[in-house]
Amino acid sequence: MANNAVLTAEEERKLRQPIDDYVGKIQSKIDKLREDGTDKVISLQNHMDSLKRDRIYTKQEKEAKLAADQAELEKAKAVEAKNKDEIAKLIQDAEAYINAHFDKDYYQAVNISCTQEKVAAREKYQRKTAQLGQEHQSAIAKLSDHQEIKDEKYVYKNRLFDAKMELEKDLQQVKDRRHAAFAHKYHLLDLLRMSKFTFAETAAQKWENYKYTFNRRAFLLQNGLYIAIVMIFIMLCIITPIVKNTPLLTYNNVLNILQQASPRMFLALGVAGLILLTGTDLSIGRMVGMGMTTATIVMHQGVNTGLVFGHAFDFTGLPIGVRVILALFACIVLCTFFTAIAGFFTAKFKMHPFISTMANMLVIFGLITYATKGVSFGAIEPAIPAMIIPKVNGFPTIILWALAAIIIVWFIWNKTTFGKNLYAVGGNPEAASVSGISVFRVTVGAFVLAGILYGFGSWLECARMVGSGSAAYGQGWEMDAIAACVVGGVSFTGGIGKISGVVVGVFIFTALTYSLTILGIDTNLQFVFSGIIILVAVTLDCLKYVQKK
C-alpha cells in the first residue's frame, strides 16, 4: 500500500482475497450439502406450483406427477434436515471469520483510501481551476476586440464546467468504490444464508443505500417546504409561551388541532382525487355551507323557525337516530348530485374543472341563499354530537372518523382497479384511453367520490359545531383543502400524489392556523402566510416536474 493510504484496484483485491478464499471454501461445502437438500426442495416446490397451474395435463396425469414430485420432495427434505446442523456450523464459522476480518483487514482500509481519494480529487480540481484562471487572464490580456473577449469568456466558462464535471465523475467513482466494498460483505452473507438477514443488517443496508443514492438537490425539492414549516412551527412553540404566557404544544392543543382537522380531512381527500386528474374544485366551501344547512335543518332542536322556499320543516316526529342518518344521507346525496354534474361536463365536453366547479359554486350559493334568505338555522339537538362524535375520557372520537376516511380512500387509491385507473388517467389520459380505460367513467367516479366525502365532512362539521348552518358557512374552505393537497405533494401536473401527503398537508395548515390564532395574529395576515406557503409549494412542484422532463 502507498504511504498516502490510497489503494489501487490490485491492492484492494489482494486485501479482499483472503476473505473471499476462506468464505469461498466454506461456501463450496455448503453448496454441496444443499445440492440434494435445500436446492432440490426449492426446485421441486417451484415445479409443483407450476404444475398445479398447468392446463396441459389431464387431472390423472397431474396427480401422478404431483405424487412423484411429493415423494422426491420428502427425500429432499430428509436430506435437508440431515445436513441442517452441519450447514449451520459452516455458516457460523464463515460469519465469525467475516466479522473478525472484513472490517479490520479490508473495509477500513478501503474507507480510508476513499477519503484520501476525495481529498486528492478536490485538490486536482482546485489546481485545474487555478490553471484555467491563469490561462484565461493571460488570454484576455492579449485581446482587445470586444467579441473576442466575449468568446474567450465563453470558452473559459465551458472549461470550468468541464472541470466541475470531471470532479463530479471522480467523486462518484470513489463513492461507487466504497459502496461496492460495503455491499460485498452482505453479498457473502446473502450466499451463506440464502438472502436471510437480521433486522440490524437489513437496517444497515437500507441506511447505506439511502446515503449512496442521496441527492441534496432532490432532497430539498422534495422536503424543503416541510423543513421550513417545521422550523416555523418550532419558532411558534418558542415564541408563544413568551408572548402569550401559555405553551403551544400541549396535549389539549394537539387534540384541538386534530379535531379541527378531521372534517377538513374529508374535503382534502375528496379534492385530492380531482387534482390527481389535473383538475380542482372551487365549490367545496359552498358544498360545506349546503351540507351544514341541510344537516342543521334535519337535526334541528325543535321545529325549524327558518324557512326553506317559504316552508318550515319539522322533523321532531322522527327518532333522533333516524334524523341523524337522514341528515347524513341528504348531505351525501346533495353534494354527490352537484359533483356528478360537474364531473359529467368535465368528462363529456372536456370542460376544465375550474369552469364546471365554479359554475357549481355559484349555483349552490345562489340556491341556498335564495331558499333560506341567508339566515342561520340555529342549533341541532344537543344529544346528537354525543351520539356521533362522543368524547371518551377527553378524547374526541371525530378523529376516528377521519382516520377511517383516510384508510378507505387509501385502499381505493392503492388497492382497487379504479385507483390504478385514476393514476393512469391523471398521468396520461390519451394513453389510458388507448389502454382500454374509460376516461369518462374514471373522471365522473372521482367527482362522485369527492361528493360523498364532502357530504360526510359537512355532516361531521355540523355535529362538531352543534349546528348553526348557513349558506355562508365554509367560505374559503376550498382554498384550505386544495392548499393542503398541494403542500402534501399531490401534483397539478397529474398522476402524482399520495394519501399520506394529503394527511400531512391538512395537519400542517390546521396546526399553522391554530398556532397563529393562539398567538393573536390577525386572520387577514394568516391568509398571507397561507398564500406564501401555497406559492412555494407549487413552485417546488413545478421545479420537480421540469427536472423530470
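The model is a predicted one. Lysine 75 forms a salt bridge with glutamate 72, at 4.0 Å from N to O. Glutamate 72 is partly exposed, at 29% relative accessibility.

Why are lysine 75 and glutamate 72 separated by about one helical turn? They sit three residues apart in helix 3, which covers residues 59–141.

Arginine 178 belongs to helix 4 (residues 146–193), and glutamate 208 belongs to helix 5 (residues 199–213). The pair therefore ties together parts that are 30 residues apart in sequence. Are these two residues buried or exposed? Both arginine 178 and glutamate 208 are buried.

## A pair in helix 15

Glutamate 461 and arginine 464 form a salt bridge, with their closest N and O atoms 3.1 Å apart. Both lie in helix 15 (residues 439–464). They are three residues apart there, so about one helical turn separates them.

Glutamate 461 has a relative accessible area of 1% and is buried. Arginine 464 reaches 24% and counts as partly exposed.

## Network and count

Glu12, Glu117 and Arg177 are joined in a network of salt bridges. The count of salt bridges comes to 16.

Helix 6 spans residues 216–244. Asparagine 215 caps its N-terminal end.

Where does helix 6 bend? The bend is at asparagine 223 and comes to about 60°. Just after helix 6, asparagine 245 adopts a positive phi, also given as about 60°.

The buried residues of helix 6 are Leu221, Leu225, Ile229, Leu236 and Thr240.

Which residues make the nonpolar surface patch of about 670 Å²? They are Val230, Ile234, Met235, Ile238, Ile239, Ile242 and Val243. Methionine 235, one of these patch residues, lies in helix 6. Its relative accessible area is 49%, so methionine 235 counts as partly exposed. Exposed would require over 50%.

Definitions and conventions. Residues numbered from 1 in each chain as written. Predicted model: local features only at pLDDT ≥ 70, side-chain atom pairs only at ≥ 80, totals over all residues. Heavy atoms only, no water. Patch = residues over 30% accessible without salt bridge, like charges linked within 9 Å, V, L, I, M, F, W, Y side chains within 5 Å. Areas by Shrake-Rupley, 256 points an atom, 1.4 Å probe, with all protein chains shown as cover. Salt bridge = Lys/Arg side-chain N within 4 Å of Asp/Glu carboxyl O. Helix = DSSP H or I, 4+ residues; strand = E, 2+ residues; numbered from the N terminus. Buried < 20%, exposed > 50% of the residue type's maximum accessible area, 1.4 Å probe, protein only. Bend = angle between axes of the 7 residues up to and from the residue. Polar contact = N/O pair within 3.5 Å; in protein donor to acceptor, adjacent residues only side chain to side chain.
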